[in-house]
Amino acid sequence: MAKAPALLRSLSLRGLSATHAQVFAGVRLVPLLRDAPRDDLRIAGRRHDDAWSIVNLGDGRAYCSYVPHALVIGWTDDGSPVASYGAALAGPEVRNPLSKWGCGVQLLHRMARREVRGEDPAERNRLRLLPLHLAMEGFLALHFNAPEIAWSEYSRRAISRGLDPRTEMSLSGRAIPSLEDALRVFEIHEGQCGVLLFVGELLASVFVVSHPDDYRALHRTLIEDFYEQTLLYAARHNGDSQALEHTFDAARIGSLDDLRAALGRARAEAGALHVDTAAGLLGRPIAAERVYRAGPFSLQRFMTELDPALDNHIGEAIVREDGTLEYAKTYRLAAGQVRRARLLQQLSAHGWNLDATAAALRTTRDQLIRRIDGEGFGYLIAEHVLKAALKRTK
Amino acid sequence: MPTAPPAPPARFHTERVEREDLVMFINACFACTGQAEFYGTSGGQAVSIEFLHEYILGNYRRLYARTLAAGINHFNQARIAVNLLATGAETPAADRREEGSLIAAALRELPPQRALRALRELRDRRVNNRRARAVIRGYLAGRPDPAFDAVKYRAHVRALAVHAHLQLPGEIGPFLFEPRRRAPFETPLLERARQARYAKEAIFDLPLTVAEGLAAARGVSRDELLRRAAPRMTEGERLRLQRAAGREDVDLAVDLGRAPLTRVALYALSLPEEARRERRDELHAALDRAAARALRKSPAALGRVAAVLDRSYSASGSSEKRRRPLAVALGVSYLLRAAAREYRAFWTVPTPDEILVGAHGQTDLAAPLLDALAWRPDVVVILSDGFENDPPGAAAEVARCFRARLDPGQRTSIVHINPVFDSERYAPRALGPSIPTVGLRDAEDLPTVLGFARFAEGTAPLAELERYLAQRAVALLSRHARTPGAAEPAVEPGPAGAVALAGAVALADAVALADAVEPADAAELAEEAPAAALEVP
């Protein structure tokens with residue numbers, strides 16, 4: 001057994017290089033090319049007849065969401081090519097008899113599930129994964145079981161059920177203006193394995209797969225992913241993105257080779273520049289958690305440190321043991337989501353003690369309660385405490 | 001931006017505005033067909049081209065009419081004819097005569113279904129002036145086989161006859177207006193059409209489009225129809241039905257070399273890759289023959305030519321124009337190979353065999369352009385939809401630096417040919433100010449379009465453009481003045497055939513041009529005509 005790949009400390013595009021972006025209205029797509037694609041890890045999409053799914057998370061919890069497709073990952077432990085890919089890897093569709101009436105619901109076991117079909121050992125290395133949901137579940141489940149100490153200010157419900165149910169809103173990709181057209185007219189590069197997706201000049205998502213053919217097959221699924229709400233306003237109001245055009249210095253051109261060199265420089269500069277514009281995620285410290293381990297690969301989910309002044313992302317990644325990024329998909333967090341997560345983090349860090357948390361945040365206890373209520377967690381506080389605090393801070 | 005725009009002139013240049021308007025319009029008329037493109041919807045295209053037509057018609061009516069002769073595509077010829085007939089009460093008599101003869105000549109060169117549909121649009125727009133009626137009458141009178149038209153285009157001919165109060169010759173009136181007639185017709189085709197209402201056997205003697213409808217109503221199988229109607233199919237129908245025939249196991253022999261170049265290219269590209277690989281030699285020979293035939297129609301002789309051909313994903317076109325940009329690129333490649341003394345093609349992604357080309361990948365024009373320039377050609381033809389993204393704007397920069405530093409004597413000329421109309425800009429999308437752009441719909445129109453390219457560059461004065469249009473108008477009229485009533489433009493001379501032109505000036509019809517082109521001037525134009533058509537900036 002190979003040694004376990006280390007947990008990610010920051011997301012870097014090792015093994016990938018960015019090149020010239022393609023712009024359509026307010027959407028900018030930066031292609032990521034893989035220098036040396038290997039085919040011992042392949043990813044295929046599996047469509048669901050029923051977009052609505054109930055996912056059993058184990059330990060008696062379930063999760064209901066819009067999951068239009070799943071990803072099936074096949075790998076080999078010894079570096080040889082994956083025998084089947086595409087439709088063969090995705091496997092036959094599991095038909096739900098209710099789906100043809102449009103009222104079916106997909107029932108899925110766990111976010112990431114090892115699927116074993118048949119006796120052939122080559123067919124046994126398969127993992128089914130719900131893209132982005134893995135990361136989102138990790139985000140939602142943060143401090144899910146609050147609070148541990150039954151402080152008297154908390155409501156009975158908070159003590160018995162914690163934050164359950166915890167919900168967050170997201171947008172479908174179809175809601176974002178021009179995203180669908182931008183994906184349709186995007187010209188996929190030869191050897192392209194990923195994309196940085198900017199909407200209204202904000203980094204919306206990073207999507208990386210291991211093989212160019214898989215990217216070609218999965219490119220359009222970006223429209224089915226979910227995105228945070230700020231992107232809707234960014235796409236509408238930030239104006240059209242500008243294509244990055246280069247000017248050559250005619251005075252320095254003495255031959256066709258000079259022109260060729262100038263063209264090469266322009267390409268290199270553009271790649272570096274586009275990676276720089278994604279600095280809100282790439283190179284930031286992240287906290288990762290291993291979800292699954294398979295041969296030389298590990299599936300991890302991660303979150304950048306929550307800083308309201310910066311872009312914050314959650315995501316999932318598959319990393320080879322040498323640190324090559326084989327799969328990644330990220331979700332940009334909305335400002336409100338960051339605020340909520342930070343508040344829960346602070347409360348958790350201080351053992352859910354309101355006074356201690358208020359002191360740490362340099363505010364009063366009543367203001368803190370008002371803030372908890374404002375972020376939608378008012379149901380955690382006992383009603384008389386909440387009312388009194390709201391009255392005093394009116 | 002590559003270059004700072006020049007300082008605005010102190011005076012408002014009417015002439016420059018007029019020239020740019022016209023160049024933009026003619027360019028749009030080469031490329032746009034009102035159909036959806038890869039980057040634009042059909043709605044946007046229709047609105048955009050409609051606006052251009054109204055604008056040019058309102059401001060430069062005489063030149064608008066002469067654009068009919070500029071070698072523009074059928075869609076725009078039909079639009080111009082209809083727009084001219086719908087307006088023009090204020091037009092001076094001489095101009096009106098010229099317009100009338102240009103419209104008649106242009107309609108005669110259009111395929112009949114397009115010409116009839118254009119004329120029928122007059123009825124939908126409620127245009128029924130004396131000239132419109134005369135044009136309809138003249139067009140129908142000039143058709144070689146009125147009985148065939150009455151059967152194949154029955155609805156069109158009937159609508160036009162009603163609209164223009166026509167006296168139809170022979171039995172055509174009763175055929176169109178007495179649908180329940182029992183008495184036999186003397187004309188054989190009309191009689192077969194009458195019998196087809198009762199007898200299944202008669203269906204297969206009718207034109208295919210008519211037979212298809214009757215066969216469907218009568219429950220005749222597709223297989224039987226294709227087999228038995230095969231002798232009556234046109235070449236275009238055979239080509240179109242190849243796949244249907246393959247499904248039904250019917251062998252439809254088709255002579256690919258007789259079809260127009262772009263149609264052959266479209267057909268070749270519609271085949272799956274294995275079929276193209278198997279039939280490689282046949283397709284290659286057909287494209288060669290089609291290119292040679294296109295060149296016989298409008299000859300072009302070029303020196304050392306390099307072509308930069310765009311095979312990016314956007315060349316796959318739209319659902320209405322499937323693979324059209326790629327097919328035009330393939331056609332242009334074969335045409336240039338046949339026309340040039342030396343030729344090399346540089347595809348944006350190199351392809352081992354042109355027949356197997358597919359629309360994939362990004363648009364990188366700069367690198368193949370550099371390769372092409374390194375080969376030291378006389379002319380570089382860039383064929384692309386103008387959406388360059390790897391890197392954006394680099395081809396124009398390469399061309400600018402090359403012109404400024406490496407080729408100040410303009411030994412090599414670079415021209416961009418664009419098969420796609422960009423409705424947002426009212427023109428085919430340009431690569432940049434240093435490369436002139438012209439539109440193109442069919443690969444076989446390339447010589448005409450190259451002749452026009454010097455105006456797209458923006459250096460030729462307005463007077464020269466006006467002379468060019470006048471000369472093309474004379475050439476068009478002369479083709480039809482000689483053979484009034486000729487329906488098929490099969491034996492037409494080159495676009496600016498000098499021989500025909502000299503004879504035409506003396507003809508009565510061309511006298512209408514007198515106020516536009518001095519006779520001496522026209523004769524002088526006639527001499528320089530063949531050279532002008534092939535000049536490249």
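Which residues in α7(A) meet which residues in α21(B)? In this predicted model, A:Leu256, A:Leu259 and A:Leu263 are the residues that α7(A) brings to the contact, and they meet B:Ala394, B:Val398, B:Cys401, B:Phe402 and B:Leu406 in α21(B). Divided by class, the residues of this contact between α7(A) and α21(B) are eight nonpolar, no polar and no charged.

Counted by residue, 29 residues of chain A are in contact with 31 residues of chain B. The size of an interface is often given as the accessible area lost when the parts come together. Between chain A and chain B the buried area is about 2600 Å², and carbon and sulfur atoms give 58% of it. On the side of chain A, the residues that lose the most area to chain B are A:Glu187, A:Leu256 and A:Arg260, which together make up 23% of what that side buries. One of these, A:Leu256, is also among the residues of α7(A) that meet α21(B).

B:Pro391 is found in the loop between β3 and α21 of chain B, and the peptide bond that joins B:Asp390 and B:Pro391 is cis, with omega about -10 degrees. Chain A has a backbone feature of another kind, for A:Leu132 has a phi near 70 degrees, a positive value in a residue other than glycine. A:Leu132 has its place in the loop between β10 (126-129) and α2 (133-140) of chain A. As background to both features, most residues other than glycine have a negative phi, and most peptide bonds are trans.

Strand β3 of chain B leads on to a sheet. It belongs to an open sheet of five strands with parallel pairing, whose order is β2-β1-β3-β4-β7 in chain B. The edge strands of this sheet are β2 (340-347) and β7 (437-439) of chain B, each of which pairs on one side only. From one strand to the next, the twist averages 25 degrees. Within the sheet, strand β1 (residues 302-309) and strand β3 (residues 379-383) of chain B pair in the parallel sense over five bridges, and B:Leu309 has B:Leu383 in β3(B) as its bridge partner. Helix α1 (residues 14-31) of chain B packs on this sheet, where it touches β4 (413-418) and β7 of chain B, and the direction of α1(B) makes about 50 degrees with that of β7(B).

On the α1(B) side, B:Asp21, B:Leu22, B:Met24, B:Phe25, B:Ala28 and B:Cys29 meet B:Ile49, B:Leu52, B:His53, B:Tyr55 and B:Ile56 in α2(B). By class, this contact of α1(B) with α2(B) has nine nonpolar, one polar and one charged residues.

Helix α2 (residues 42-59) of chain B meets helix α4 (residues 74-86) of chain B as well, and the axes of these two come within 11 Å and cross at roughly 45 degrees. Here too the helices, α2(B) and α4(B), are therefore oblique to each other, and α2(B) passes α4(B) in a right-handed crossing. B:Ile49, B:Glu50, B:His53 and B:Leu57 in α2(B) meet B:Phe75, B:Asn76, B:Arg79, B:Ile80, B:Asn83 and B:Leu84 in α4(B). The contact of α2(B) with α4(B) has five nonpolar, three polar and two charged residues.

Chain A, finally, has an open sheet of four strands with antiparallel pairing, in the order β4-β7-β10-β9. Its edge strands are β4 (41-47) and β9 (112-114) of chain A. Seven bridges join β4(A) to strand β7 (residues 69-75) of chain A, and A:Val72 in β7(A) is the bridge partner of A:Ala44.

Key. Residues are numbered from 1 along each chain as its sequence is written. Chains are lettered from A and ligands numbered from 1 in the order in which they are written. This is a predicted model: local features need pLDDT of at least 70, side-chain atom pairs count only at pLDDT 80 or more; totals for chains, interfaces and linings use all residues. Side-chain values use heavy atoms; hydrogens and water are left out. Two strands pair if DSSP finds at least two bridges between them. Axes are lines fitted to C-alpha atoms, for helices over the stretch in contact, and angles run from 0 to 180 degrees between N-to-C directions. Contact means heavy atoms within 4.5 Å. Angles under 35 degrees count as roughly parallel, over 145 as roughly antiparallel, 65 to 115 as roughly perpendicular and the rest as oblique. A crossing is left-handed if the near helix is turned anticlockwise from the far one by less than a right angle, and right-handed if clockwise. Ala, Val, Leu, Ile, Met, Phe, Trp, Tyr, Cys and Pro count as nonpolar, Asp, Glu, Lys and Arg as charged, and the others, Gly among them, as polar. Buried area is the accessible area (1.4 Å probe) that two parts lose on being put together, summed over both.
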